[in-house]
Amino acid sequence: MARIVPMASSIKPSLKFSPTARFALPRSSPTLCSKVASLHLSSGAVLDRKVERKRMANFINLFVISVAKISEAASEGTIGVFIDRRNTLHLLLLNWLSVIPQLHPFGLKTSKLFKEDISSRSVIVAGNTNTTQASTATTQENVFEWVKQDKRRMLHVVYRVGDLDRTIKFYTECLGMKLLRKRDIPEERYTNAFLGYGPEDSHFVIELTYNYGVDKYDIGSGFGHFGIAVEDVAKTVDLIKAKGGKVTREPGPVKGGNTVIAFIEDPDGYKFELLERGPTPEPLCQVMLRVGDLDRAIEFYEKAYGMELLRKRDNPEYKYTIAMLGYGPEDKNAVMELTYNYGVTEYDKGNAYAQIAIGTDDVYKTAEAVKLSGGKVTREPGPLPGINTKITACLDPDGWKTVFVDNIDFLKELE
């Protein structure tokens, strides 16, 4: 049985007491009153009325705190209580009365009727019965099944730059992107610019963030690169060189494969992998992040994010393994490339790369799936102040941040 530890509090419950040894809840709660009307002071107790009321006030005070603690614990997932509303107070009172030694001097006891009533109900506390385990498993299965059916799409990737105009110029002139929109938030001292190869309602795009007065960031060792599909890697590299761009790997076959690639750096030091492919509806095609446990990461992205493992490739010669995950084939959709380097379990994430954003039909169910998968919700689901777009934010097991955005609200925001 879940045990509740009462705490001192200055809360003053708005409960009234009858002049007799029996206590009652407000008349506005007839259902609750009928359920706890059997709590009595023992017949042998003779207490001064003022003392009685003071002690009963203490009792109620502790009880109210216990209610809050159960609600908090349940919301955080630290205890699993699967009961209907009619049974909630019964369970709470029996839990509470069984562990509060301060009540014994008062002679408080639960009536036989109360005990018989609670024993006859289907009250299930997680971990106590096989029924609970089955119920929990069913609930999780339902949530994960919903995740698979949810309409999800990678919306944009967010990172910080030191000179917004310089970066916009490089992306448009060297990488062929278009500036989709730009917004300045002076009261928050930052500016955003959205760039990509097509409209935001149908393409994965980049959201650049410039914070007033900050001209340099630490990219860290955990972030890898962004991937861009081009029809001719060598020609693209020549153009970038002509514009003064930095090429860190000349065009050639990928290690352990046949795909022609090249690597370049933007003015802030972010790496871009150029991949030679035919025409594609999603040229901005990859976000590569390094993880410390690839199998753990794959399981999380499948369960919590609803992504599909598209392929996995081990390169023992170069001591790394990659996994590609996404919401559709690589040649038509943006994907996550997770990289595991043999023996490396932690990385420095720096302060430059921020997050990816993913669309969902329900941010509340999404947050539930993240919690059930062992992820950490850093922003509970709900609307953003001012624009009312519903979001939730979370961290994967390696600490990489993802923001889920309500699909309908996202389209309204674009309008």
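1. How many of the seven residues of strand 13 are buried? In this predicted model, six of the seven residues in strand 13 (residues 284-290) are buried, so the strand is largely enclosed by the rest of the structure. The notes below begin with the whole chain, then take the sheet that holds strand 13, and then turn to a second sheet.

2. The chain as a whole. The chain contains ten helices and 20 strands. Of its 415 residues, 44% are buried. Taking contacts between residues at least 6 apart in sequence, 65% join residues at least 24 apart.

3. Eight strands make up an open sheet with mixed pairing, in the order 10-11-12-9-13-16-15-14. Strand 10 and strand 14 (308-315) are at the edges and have a single partner strand each, so one side of each is left without a neighbour in the sheet. From one strand to the next, the twist averages 20°. As background, the strands of a sheet pair through backbone hydrogen bonds, and the pairing may be parallel or antiparallel.

4. The neighbours of strand 13. Strand 9 and strand 13 run antiparallel and are joined by five bridges. Strand 13 also pairs with strand 16 (residues 335-341), here in the parallel sense, again over five bridges. Met288 of strand 13 is the bridge partner of His225, and the bridge partner of Met288 in strand 16 is Glu337.

5. The end of the sheet at strand 14. Strand 14 pairs with strand 15 (residues 320-326) in the antiparallel sense, over seven bridges. One place to look is Lys312, whose bridge partner in strand 15 is Ala323. Helix 8 (residues 294-303) lies across strand 14, strand 15 and strand 16, and it runs at about 0° to strand 15.

6. Helix 7, buried side. Within helix 7 (residues 233-242), the residues Val233, Thr236, Val237 and Ile240 are buried. Viewed down the axis of helix 7, the buried residues fall within an arc of 100°, so they line one face of the helix. Among the elements that cover these buried residues are helix 6 (164-173), strand 9 (223-230), strand 10 (246-253), strand 11 (260-265) and strand 12.

7. Helix 7, the other side and the ends. The face turned away from the buried side of helix 7 carries Lys235, Asp238 and Ala242, which are exposed. At the start of helix 7, a side-chain oxygen of Asp232 comes to within 3.2 Å of the backbone nitrogen of Ala234. Just after helix 7, Gly244 has a positive phi of about 90°.

8. The annotated positions. Which residues does the UniProt annotation "binding site" cover? According to that unreviewed entry, they are Glu207, His225 and Glu273. His225 has already come up as the residue whose bridge partner in strand 13 is Met288. The two glutamates are taken in turn below.

9. Glu273. This residue is found in strand 12 (residues 271-276). Is Glu273 buried or exposed? Glu273 has a relative accessible area of 7%, so it counts as buried. Leaving aside neighbours within four places in sequence, the contacts of Glu273 include His225, Phe226, Gly227 and Ile228. Glu337 is also in contact with Glu273, and Glu337 is the residue in strand 16 that is the bridge partner of Met288.

10. Glu207. Strand 8 (residues 205-211) is where Glu207 is found. Its relative accessibility is 9%, so Glu207 counts as buried. Beyond neighbours within four places in sequence, Glu207 is in contact with residues including His156, Tyr159, Arg183, Asn192 and Phe194.

11. Another eight strands form an open sheet in the order 6-7-8-5-17-20-19-18, and the pairing is mixed. Its edge strands are strand 6 (178-185) and strand 18 (376-383), each of which pairs on one side only. The twist from one strand to the next averages 20°.

12. Strand 17, strand 20 and helix 10. Strand 17 (residues 353-360) and strand 20 (residues 401-406) run parallel and are joined by five bridges. Ile358 stands opposite Phe404 in strand 20. Helix 10 (residues 407-414) packs on the sheet and touches strand 5 (153-160), strand 6, strand 17, strand 19 (390-395) and strand 20. The direction of helix 10 makes about 80° with that of strand 20.

Methods:
Residues are numbered from 1 along each chain as its sequence is written. This is a predicted model: local features need pLDDT of at least 70, side-chain atom pairs count only at pLDDT 80 or more; totals for chains, interfaces and linings use all residues. Side-chain values use heavy atoms; hydrogens and water are left out. UniProt positions are given in the numbering used here, feature names are shortened, and annotations may be inferred rather than shown by experiment. Helices (H or I, at least four residues) and strands (E, at least two) are DSSP runs, numbered from the N terminus. Buried means under 20% relative accessible area, exposed over 50%, partly exposed in between (1.4 Å probe, protein chains only). Contact means heavy atoms within 4.5 Å. The arc is that of the directions from the helix axis to the C-beta atoms. A polar contact is a pair of N or O atoms within 3.5 Å; within protein, one must be able to donate a hydrogen and the other to accept it, and residues adjacent in sequence count only if both atoms are side-chain atoms. Two strands pair if DSSP finds at least two bridges between them. Axes are lines fitted to C-alpha atoms, for helices over the stretch in contact, and angles run from 0 to 180 degrees between N-to-C directions.
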